[in-house]
Amino acid sequence: MPLIDPATLQPLLTAVRGRFDVDSIEECDSTNTVLMRRAGEGAPSGTVLVADFQSAGRGRRGRSWTAAPESGLLFSLLWRFNRTLADLCGLSLAIGVAVTEALEALGARGVGVKWPNDLLFQDTKLAGILVELASDPRGTLAIIGIGLNLHTPDGDLPQPACGLDAVLHPVPDRHTLLAKILTTLAPTLDHFDAEGFAALQARWQHYHAWQDRQVDILGDSTGKISGACLGADQDGALLLSTPEGIRRFLSGEISLRKKGSPC
Ligand code: BTN
């Protein structure tokens, strides 16, 4: 029996319960991979897949996402948009805001967002978001994968990490957590679909963990660029103040690090 019981979850979804169809499984390779396949088979917007364990969980930039069984909340959400693929720039930032607000509503204080898709607590990674986009004859869709650490992950991690147990005592039951995240995500995604990231920019800036910090941008094609992190532009691009002026970076294949930090 998987850790999430859809029947227990449904009433907790309150006003948005009709908008989500939740499937819970013990194990898969990656919830994003499975849900993308189901999208191709016609799964509707609002389909959610939760797994207790992923044997090949994926992160941004080709990285893997490892979580021991029962140590995290791992799920993907299929959502359809009335926007073009190009207009979905900024989506992972909008999702980061919603997840942070959901955790705050459950009592978590001090959680912040790091461009483009991390949730941080005291500069350690609490959650990651992997958004994968596609289009089909029905329009544009996103597979929104969220990995939230409930306990500090073990092993060789690409950057320092923590669990929700470092932030909240006691850690809420995973049904409560998932329900609060989904009920916060639905109106945020509606807002994003109607008005784009510009309408959510101020909410994102409020939680921006690295505002005005000195950072390094690392990219496959850009090499290393240093500057002060000014946050997100109206379209979700990162704004960096450099000696040559303010530069913009789109999500793509770059990573952000504290200045001088290897990770
Ligand atoms: C990152 O920080 O690089 C993104 C990590 C995203 C991990 C989640 S776990 C659920 C979903 N399935 C995956 O394979 N990845 C995402």
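I will start with how to read the model and then take those topics in turn.

This is a predicted model, where local features need pLDDT of at least 70 and side-chain atom pairs count only at pLDDT 80 or more, while totals for chains, interfaces and linings use all residues. Residues are numbered from 1 along each chain as its sequence is written, and side-chain values use heavy atoms, with hydrogens and water left out.

First, the ligand. It is surrounded by 20 residues, and Ser-30, Gln-54, Arg-58, Arg-60 and Lys-125 are the closest; being near means having a heavy atom within 4 Å. A polar side-chain atom of Ser-30 sits 2.7 Å from a ligand oxygen atom. For Gln-54, a polar side-chain atom is 2.8 Å from a nitrogen atom of the ligand. In the side chain of Thr-31, an N or O atom is 3.0 Å from a ligand nitrogen atom.

Next, the sheet. Five strands form an open sheet in the order β11-β10-β9-β8-β12, with antiparallel pairing. Strands here are DSSP runs of E, at least two residues long, and two of them pair if DSSP finds at least two bridges between them. β11 (245-249) and β12 are at the edges with a single partner strand each, so one side of each has no neighbour in the sheet. Between β8 (residues 214-219) and β9 (residues 223-232), which run antiparallel, there are six bridges. Ile-217 has Ile-225 in β9 as its bridge partner.

Methods:
Helix = DSSP H or I, 4+ residues; strand = E, 2+ residues; numbered from the N terminus. Polar contact = N/O pair within 3.5 Å; in protein donor to acceptor, adjacent residues only side chain to side chain.
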